[in-house]
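User: Can you walk me through this one? I'd like the ligand site, then the sheet.
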Amino acid sequence: MSSLADDIRAGDRRALARGLTLVENDLAAGRDLLVALGAGGGAHRIGITGPPGAGKSTLVSALAAMWRREDRQVGVLAVDPSSPFTGGALLGDRIRMLTHSGDDGVFIRSLASRGALGGLAVGIYDAADLLAAAGFDPVVIETVGVGQGEVEICRAADTTVVVLAPGAGDVVQGMKAGLLEIADVLVVNQADREGADGLVSALESAAELRDAPAPPILKTVATRSEGLEALCAALDARGADAGSGLAERRLDRARARLRATVDGRRADRFWEGRSDALEAAARAVAAGERSAEQAATELLEGDDA
Amino acid sequence: MNAADERPIRILVAKAGLDGHDRGAKVVAAGLRDAGFEVIYTGLRQTPEMIVDAAVQEDVDAVGLSLHSGAHMTLFPRVLELLRERGAEQILLTGGGIIPEADMDALSAMGVGRLFGPGTPLADLEAYIRAEVAERRATAS
Ligand SMILES: Nc1nc2c(ncn2[C@@H]2O[C@H](COP(=O)(O)OP(=O)(O)O)[C@@H](O)[C@H]2O)c(=O)[nH]1
Ligand SMILES: [Mg+2]
């Protein structure tokens, strides 16, 4: 019997899809799978963010076409928000990526944010790891970004591309600060529309105010694949880390992830079999019989971790 | 697998065939989202190959096909065949359109799930998918 890891290594796309379900839902089998598959080497993780309608999905599709010409296997994680009320989500990014249907070299997975802040789904880090381990490079993560909490995407991506379109003037004013800070590359898409040059100059002057060096600002027309060579070149340069700060970013990310993963595992182990104790302690705290600090100290007694 | 059973139902909603509007499919997609499903919507003029390719990559629990072109007797069996070829026969294939009862019976005998006529309340569709997916997830784990 072959394992899921073997099937994924052999290029079985159904197996990869099932593996993604396991890691997205943080199931034990998903963790085992990530351990079995090992590290994916240095796949370039590219985050693409920006307001709805800027053309992110169209741009991802056009980029994927470019990378396919270099025979690279492209993984795409397209994240859209979940409704905070029903938990449901409408995931429509594939509509813009249909030209890659039938090409096993492009793997697209839609993810719902499931309440995670900053537009990033909880299992996204593991999902990106899985695609990298399966041989995809680059791994692109598309998320909706409107100016709050986008820092999250930096934690999952080596390189963050912020995509804007002309005509979003007021919106851009409001979100510029947050989005500009995180951009390694700024793209003004829909450059065929009026106002593109104005947006470029607005971004140029805003970028001067950043602490970090100003990012490249590139114009594209995603629907016609215009400006894509320059964008690919900028991404490749960043991926090659010619003083681009990529290594540093990766180290920061690795440190944060290891901490979060170990903390999470520890916590799971700690709470196992303690739900009654938690319930009793919570009641005592709620009733004002114990302070939270007292109750927590008692719960932790005898735990040597 | 308890955790697995609690995860949201994922469904691919697509409009197959050549006729040009997808209002019905969009309404169904939005309705299922409001019912708490994660709906992957792929839009118009989807070929069986495109539908199955997306369903496999997305690892959906169900595929909901909307069609009005009268090609149901070729499209549904073809999608079913491709799902089986890809080892994805666990995925529920359901859908809707104007389909004569005799054809519905024939498709059901092939392994297609229940098909819904125009004007079916969304709640019926939702209840059917929930029950069917719960059963399929239980047998898979
Ligand atoms: N005129 C023009 N339209 C574009 C361009 N790129 C994307 N679009 C259109 O903008 C709309 C939104 O694109 P989409 O990729 O879904 O945006 P997203 O929400 O940022 O992912 C679609 O109708 C695209 O066809 C472009 O460069 N020029
Ligand atoms: Mg999109």
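Analyst: Here are the ground rules, then the ligand, then the sheet. This is a predicted model: local features need pLDDT of at least 70, side-chain atom pairs count only at pLDDT 80 or more, and totals for chains, interfaces and linings use all residues. Residues are numbered from 1 along each chain as its sequence is written, chains are lettered from A and ligands numbered from 1 in the order written, and side-chain values use heavy atoms, without hydrogens and water.

User: How many residues surround ligand 1?
Analyst: 17, with Gly53(A), Lys56(A), Thr58(A), Arg96(A) and Asp192(A) the closest. "Near" takes a heavy atom within 4 Å.

User: Which side chains have a polar atom by a ligand oxygen?
Analyst: Arg96(A) has a side-chain N or O atom 2.8 Å from an oxygen of ligand 1. Glu142(A) has a polar side-chain atom 3.2 Å from a ligand oxygen. A polar contact is an N or O pair within 3.5 Å.

User: What's the strand order in the open sheet?
Analyst: β3(A)-β2(B)-β1(B)-β3(B)-β4(B)-β5(B), six strands with parallel pairing. Pairing takes at least two DSSP bridges. Strands are DSSP E runs of at least two residues; helices are H or I runs of at least four.

User: And which strands are at the edges?
Analyst: β3 (89-91) of chain A and β5 (115-116) of chain B; each pairs on one side only.

User: What lies across β4(B)?
Analyst: Helix α6 (residues 122-140) of chain B, at about 170° to β4(B). Angles run from 0 to 180 degrees between N-to-C directions, with axes fitted to C-alpha atoms, for helices over the stretch in contact. Contact means heavy atoms within 4.5 Å.

Conventions. A polar contact is a pair of N or O atoms within 3.5 Å; within protein, one must be able to donate a hydrogen and the other to accept it, and residues adjacent in sequence count only if both atoms are side-chain atoms.
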